[in-house]
Amino acid sequence: HLSKERILEIYLNIIEWGNNIFGIEAASQYWFNCSASELTPNQAVNLALIVPSPHQRDPTNPPSTFNRAINQLLLMLAQDGIISDER
């Protein structure tokens, strides 16, 4: 029996984040040249939004159509106290 946090951790570390990029740490290094623990909230949200289609999406240059989703996710995270309201 695994906790939700452990299931999420496993998932984030086995999914593909781009062409042969597996795991959140590798994705953080590849896309943002930093450790996953150093991602800004905006970078983390942009990475999350590429999960459904990692070969077609670039988290360093999200389409303007993603702005609403990015802002909504950041607002929800701030309202839940997961991140500060700084973006």
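Where is Ile83 placed in this chain? Hi everyone, that's my way in today. Ile83 is in the segment after H4.

Before I go further, some ground rules: the model is a predicted one, where local features need pLDDT of at least 70, side-chain atom pairs count only at pLDDT 80 or more, and totals for chains, interfaces and linings use all residues. Residues are numbered from 1 along each chain as its sequence is written, and side-chain values use heavy atoms, with hydrogens and water left out. When I say helix, I mean a DSSP run of H or I with at least four residues, while a strand is an E run of at least two, and both are numbered from the N terminus.

Okay, back to Ile83. At 18% relative accessibility, Ile83 is buried. For that word, buried is under 20% relative accessible area, exposed is over 50%, and partly exposed is in between, using a 1.4 Å probe and protein chains only. Leaving aside residues up to four places away in sequence, Ile83 touches Pro41, Leu74, Leu77 and Ala78; a contact here means heavy atoms within 4.5 Å. Ile83 and Gly18 are 65 residues apart in sequence, and their C-alpha atoms are 26 Å apart in space.

Ser84 is also in the segment after H4. Ser84 is partly exposed, at 42% relative accessibility.

Now for the helix pair. How do the axes of H3 and H4 cross? H3 covers residues 41-48 and H4 covers residues 67-79; their axes come within 10 Å and cross at roughly 125°. The axes are lines fitted to C-alpha atoms, for helices over the stretch in contact, and the angles run from 0 to 180 degrees between N-to-C directions. That makes H3 and H4 oblique to each other. On that scale, under 35 degrees is roughly parallel, over 145 roughly antiparallel, 65 to 115 roughly perpendicular, and the rest oblique.

Sorted by class, that's six nonpolar residues, two polar and no charged ones. Nonpolar here is Ala, Val, Leu, Ile, Met, Phe, Trp, Tyr, Cys and Pro; charged is Asp, Glu, Lys and Arg; the others, Gly among them, are polar.

Staying with H3, its buried residues are Gln43, Val45, Asn46 and Leu47. They pack against H2 and H4.

That takes us to H2, residues 24-32, where we find Ser28. Is Ser28 buried or exposed? Ser28 is buried, with a relative accessible area of 0%. Setting aside residues up to four places away in sequence, Ser28 touches Asn33, Cys34, Ser35, Ala36, Leu39 and Leu47.

Next, the rings. The structure holds one aromatic pair. Tyr30 and Trp31 form it edge-to-face, with 4.9 Å centre to centre and 90° between the planes. Rings of Phe, Tyr and Trp, taking the six-membered ring of Trp, pair if their centres lie within 6.5 Å; planes under 30 degrees apart are stacked, over 60 edge-to-face, and the rest tilted. Tyr30 is exposed at 54%, whereas Trp31 is buried at 17%.

Last stop, the loops. Asn61 is in the loop between H3 and H4, and it is exposed, with a relative accessible area of 57%. Asn61 and Tyr30 are 31 residues apart in sequence and 14 Å apart in space, C-alpha to C-alpha. Asn20 is in the loop between H1, 4-14, and H2. Asn20 isn't a glycine, yet has a positive phi of about 60°, and at 61% relative accessibility Asn20 is exposed. Asn33 sits in the loop between H2 and H3. Its phi is near 55°, a positive value in a residue other than glycine, and Asn33 is exposed at 67% relative accessibility.

That's my tour, thanks!
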